[in-house]
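The following report describes how two protein chains meet and which side-chain pairs link their parts. Please read it alongside the sequence and the structure.

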Number of protein chains: 2
Amino acid sequence: MTDRDQAAAEPAGPVGAPSDRVRVRRKPDRGHYDREVIDAILDAGLVAHVGYVVDGQPYVIPTFHWRDGDRVYWHGSTASRMIRTIESGAPICLTVSLVDSIILARSGFNSSADYRSVVVVGVARAVTGDEKVRALERFVDALAPGRSAEVRPMTEKELKQTAVVALSLDEASAKVRDAGFGDDPDDAAWPVWAGTIPVRLAFGEPVPAPDLPAGIEVPENVRALTDR
Amino acid sequence: MTDRDQAAAEPAGPVGAPSDRVRVRRKPDRGHYDREVIDAILDAGLVAHVGYVVDGQPYVIPTFHWRDGDRVYWHGSTASRMIRTIESGAPICLTVSLVDSIILARSGFNSSADYRSVVVVGVARAVTGDEKVRALERFVDALAPGRSAEVRPMTEKELKQTAVVALSLDEASAKVRDAGFGDDPDDAAWPVWAGTIPVRLAFGEPVPAPDLPAGIEVPENVRALTDR
């Protein structure tokens with residue numbers, strides 16, 4: 001999980017080939033550039049980490065994200081400097097990562113992890129007007145499908161306070177390790193437990209709001225989040 | 001979770017005050033600068049996201065991390081460009097984030113999340129010699145306390161292939177929302193389920209290696225990871 005290399009040196013490659021900025025260099029066999037793999041990881045991840053640069057210093061900020069077609073979106077306060085930096089056209093990097101297991105081999109060196117990650121680079125743009133309303137509805141639905149039609153609609157004031165940005169998936173790559181347990185056969189007799197520990201993001205039993213009127217049960221679309 | 005602002009503009013403040021680069025600007029009441037809070041979040045997080053810049057382009061790479069005293073560490077292949085960029089003295093940002101719950105209010109706008117995050121900025125340094133061996137042992141022990149004394153010791157060749165870097169916690173801040181459910185009282189009667197969904201990183205039942213000799217049970221230190 002530590003060895004993903006994506007350094008910008010050359011311009012993007014021809015259409016259909018990964019750009020040099022997102023090409024997986026370390027362990028290239030773990031690199032994937034097809035949108036099916038990339039989209040599935042973006043959709044499975046709850047939180048993205050967005051990197052941007054101010055005066056040469058990178059900052060990495062966690063944010064909820066969601067995908068709609070060929071773009072990944074996130075939102076923030078219009079007063080947020082992260083949002084304002086991004087809206088100014090600064091180059092950014094959005095990364096989503098999921099750990100699927102920890103692999104404890106008989107040596108530290110051969111210990112590893114199964115994981116899935118996506119890196120997207122580019123320049124994001126501010127989303128406005130009807131697209132912004134639709135994007136925010138999509139965010140609500142990404143957590144609980146159909147919920148955007150059930151909640152109290154956004155007010156003009158709320159819309160003004162909320163910024164939404166979109167980043168194209170044109171320059172994106174995935175890196176996946178799904179090889180499971182592996183170890184040096186010479187170490188097999190070393191007298192220590194070895195194996196795999198599954199890891200996942202777990203959603204617990206929903207807790208009703210203290211002021212929830214009686215008779216409103218946990219709906220299917222919220223339950224689906226718990227089961228995912 | 002979207003509104004953390006940490007932009008570099010002014011030099012670091014006086015000793016004891018947060019530097020301007022890590023001061024929490026949006027929702028400053030969520031900002032924490034005491035090491036107890038920062039350390040607990042770093043220790044609870046499994047994966048960090050490290051940001052660095054190449055030719056003006058930020059990259060954000062997930063990596064396992066661990067803490068030892070006043071530093072956070074991570075490792076990688078000596079062939080990794082991420083590691084080589086960091087070792088060259090480039091400014092970096094390391095971020096760890098944990099989502100504790102998703103809060104579904106009766107509006108999208110008031111929906112939120114409880115979360116804990118830490119941002120560390122600075123220049124990392126390569127760890128060498130005895131400190132490197134100790135750091136890698138500490139990494140193994142961070143996953144399963146005491147395991148570094150149980151596994152097959154590192155070889156010289158493995159040590160040469162592995163790079164370890166350390167980043168001081170001198171410039172670090174935490175941002176925490178732990179307010180639980182909140183909503184606009186005017187929306188309380190809106191006819192939709194509202195409440196909180198707990199979220200956590202869950203470790204499953206350990207799966208023994210296919211070639212594990214009979215009679216080696218899951219030890220306490222691995223079991224502890226599962227229960228954490």
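A salt bridge is taken here as a side-chain nitrogen of Lys or Arg within 4 Å of a carboxyl oxygen of Asp or Glu. This is a predicted model, in which local features need pLDDT of at least 70 and side-chain atom pairs count only at pLDDT 80 or more, while totals for chains, interfaces and linings use all residues. Residues are numbered from 1 along each chain as its sequence is written, chains are lettered from A and ligands numbered from 1 in the order in which they are written, and side-chain values use heavy atoms, with hydrogens and water left out.

By the salt-bridge rule, the count over all chains comes to 34. Within chain A, Asp100(A) pairs in this way with Arg116(A), their closest N and O atoms being 2.8 Å apart. Because Asp100(A) belongs to strand β5 (residues 91–104) and Arg116(A) to strand β6 (residues 112–123) of chain A, the pair ties together parts that are 16 residues apart in sequence. Strands are DSSP runs (E, at least two residues), numbered from the N terminus.

Between the chains, 99 residues of chain A are in contact with 99 residues of chain B, where contact means heavy atoms within 4.5 Å. The two chains bury about 8400 Å² between them, 64% of it on carbon and sulfur atoms; buried area is the accessible area (1.4 Å probe) that two parts lose on being put together, summed over both. Across this interface the rule finds 4 salt bridges, among them that of Asp187(A) with Arg152(B).

Strand β10 (residues 195–203) of chain A gives the most to the side of chain A that touches chain B, with 9 residues. Strand β10(A) is joined by 5 bridges to strand β10 (residues 195–203) of chain B, and the two run antiparallel; strands pair if DSSP finds at least two bridges between them. One of the bridge partners is Arg200(B), which faces Ala202(A) in this pairing.

A rotation of 180° with 0.0 Å of shift along its axis superposes chain A on chain B (RMSD 0.0 Å), by least squares on the C-alpha atoms of residues with pLDDT of at least 70 in both. The two copies are thus related as by a two-fold rotation axis. Of the residues of chain A, Leu201(A) comes closest to that axis, at 2.3 Å (C-alpha). Since 100% of the interface residues of chain A are also interface residues in chain B, the copies meet through the same surface.

| Asp100(A) | Arg116(A) | 2.8 Å |

Notes: Helix = DSSP H or I, 4+ residues; strand = E, 2+ residues; numbered from the N terminus.
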